[in-house]
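I opened my notebook on a new model today and jotted down what I looked up, entry by entry. Have the structure open beside you and follow along.

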Amino acid sequence: MEHLECCARFLRGTLVRAAVRRYLPWALAASMLAGSLLKELSPLPESYLSNKRNVLNVYFVKLAWAWTFCLLLPFIALTNYHLTGKAGLVLRRLSTLLVGTAIWYVCTALFSNIEHYTGSCYQSPALEGVRKEHQSKKQCHGEGGFWHGFDISGHSFLLTFCALMIVEEMAVLHEVKTDRSHCLHTAITTLVVALGFLTFIWVWMFLCTAVYFHDLSQKLFGTLFGLLGWYGTYGFWYLKPFSPGLPPQSTSLNLKQDSYKE
C-alpha cells in the first residue's frame, strides 16, 4: 500500500497540474510532427515497438477506448460523489463517457469510410496491378489482395483524445482530499495510479505511432480529430449550462461555467 501511495502522490504532482492540461495538446501535436519528420528523413531501425503485434499495441492500444472508459467510469463516479454527494450530478458527469463513446464511434466510422471510398485493391504491397473486381477492403483482403486508400491514423486520434480526456478528468483531484481511514481512499488511490499509468502508455504509444507508422498527412488528420474532440467538449460544450459539465475543481473554472448561466 505504501508503494501505491507513493505512485499516487507522484501522479498527483504531475498529471493534475494545470500546466499539463494547458500544454499537453501542444506537446502531442509537436511530437507528432517531429516524429513524422524523423520517420521521413532518418527512419529509426526496426524494433519490438515497430511490430504491430507488440503487447502494448495488441492488448492496450487496440482497446484504448475500452480501457479509458472502464477506468474513468468508477473514477468519475467516486470522486464526483465524494465532492458533491449528489447522484444526479454524478450521472450528469458520467454522461461524458457516452459523449466520448459517440465521438470514438463516429470518428472511427468516418475514417473507415474515407479509406473505403479513396481506396483500391492491388495485387501486391507495391501497389501493382489494380483488382477492379474487388470493391471493398474486406473482399480485397479475403481474396489475398492489398487495399490502399487514405488511412487516417486511428491510433493518433484515439490516443490523443483518451490522454487529454483522462488529464481533464483527473483535475478533480485538486479538490479530493481523503485520509487513509476514509472508506473511498484505497479505491480512489488505486484508480489514480491506474489512470496515470494508462496516460503514460497512451502518450508513449502515440510517440511510437509518430516515428514508426502512417504518413504525415494521415497522422496529422488523426491528431487533429483527437484535438477537436477534446476541445469541442472540454474547451467549449462542457462550459455551457446544458452539458455534462466540467469536473468539480478550481474556483476559476467554476466561475467560468457560471458566467454562461448569467
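Before anything else, a cut-off I need: I call a residue buried when its relative accessible area is under 20%, exposed when it is over 50%, and partly exposed in between. I also keep in mind that this is a predicted model.

**Entry 1, helix H7.** How many residues of H7 are buried? I found 15 of the 17, so H7 is largely enclosed by the rest of the structure. I then checked its length: from first C-alpha to last, H7 reaches 24 Å, close to the 24 Å expected at 1.5 Å a residue.

H8 covers residues 185-212, and its 28 residues should span 40 Å at 1.5 Å a residue. Its end C-alpha atoms are 40 Å apart, which agrees. Within H8 I picked out Leu-195, which is buried because its relative accessible area is 0%. I also looked up its separation from Arg-92, 103 residues away along the chain: the two C-alpha atoms are 21 Å apart.

Most residues other than glycine have a negative phi. His-214, though not a glycine, has a positive one, near 65 degrees. I placed this residue in the loop between H8 and H9. Is His-214 buried or partly exposed? With a relative accessible area of 23%, it is partly exposed.

I turned to UniProt, where an unreviewed entry carries the annotation "transmembrane region" for residues 58-78, 90-111, 146-167, 188-214 and 220-239. I compared two of these stretches with the model. Over residues 90-111 I read 100% helix and 0% strand, with the end C-alpha atoms 33 Å apart. Over residues 188-214 the chain is 93% helix and 0% strand, and here the end C-alpha atoms are separated by 37 Å.

Where does Glu-115 sit? I found it in helix H5, which runs over residues 87-117. Glu-115 counts as buried because its relative accessible area is 10%. Asn-54 is 61 residues from Glu-115 along the chain, and I noted 24 Å between their C-alpha atoms.

My search of the whole structure turned up 11 aromatic pairs. One that I followed up joins Phe-150 and Phe-221, edge-to-face, with 5.8 Å centre to centre and 90 degrees between the planes. Why does this pair tie together parts that are 71 residues apart in sequence? Phe-150 lies in the loop between strand E2 (146-148) and helix H7 (154-170), while Phe-221 is in helix H9, so the contact links those two parts.

Which residues make the nonpolar surface patch of about 290 Å²? My list reads Leu-33, Leu-216, Leu-220 and Leu-224. Helix H9 (residues 216-234) gives the largest share, three residues. Leu-216 has its place in H9, and at 32% relative accessibility I count Leu-216 as partly exposed.

Definitions and conventions. Residues numbered from 1 in each chain as written. Predicted model: local features only at pLDDT ≥ 70, side-chain atom pairs only at ≥ 80, totals over all residues. Heavy atoms only, no water. Patch = residues over 30% accessible without salt bridge, like charges linked within 9 Å, V, L, I, M, F, W, Y side chains within 5 Å. Areas by Shrake-Rupley, 256 points an atom, 1.4 Å probe, with all protein chains shown as cover. Salt bridge = Lys/Arg side-chain N within 4 Å of Asp/Glu carboxyl O. Helix = DSSP H or I, 4+ residues; strand = E, 2+ residues; numbered from the N terminus. Buried < 20%, exposed > 50% of the residue type's maximum accessible area, 1.4 Å probe, protein only. Phe/Tyr/Trp six-rings, centres within 6.5 Å; stacked < 30°, edge-to-face > 60°. Expected span 1.5 Å × (residues − 1). UniProt positions renumbered as here; feature names shortened; annotations may be inferred.
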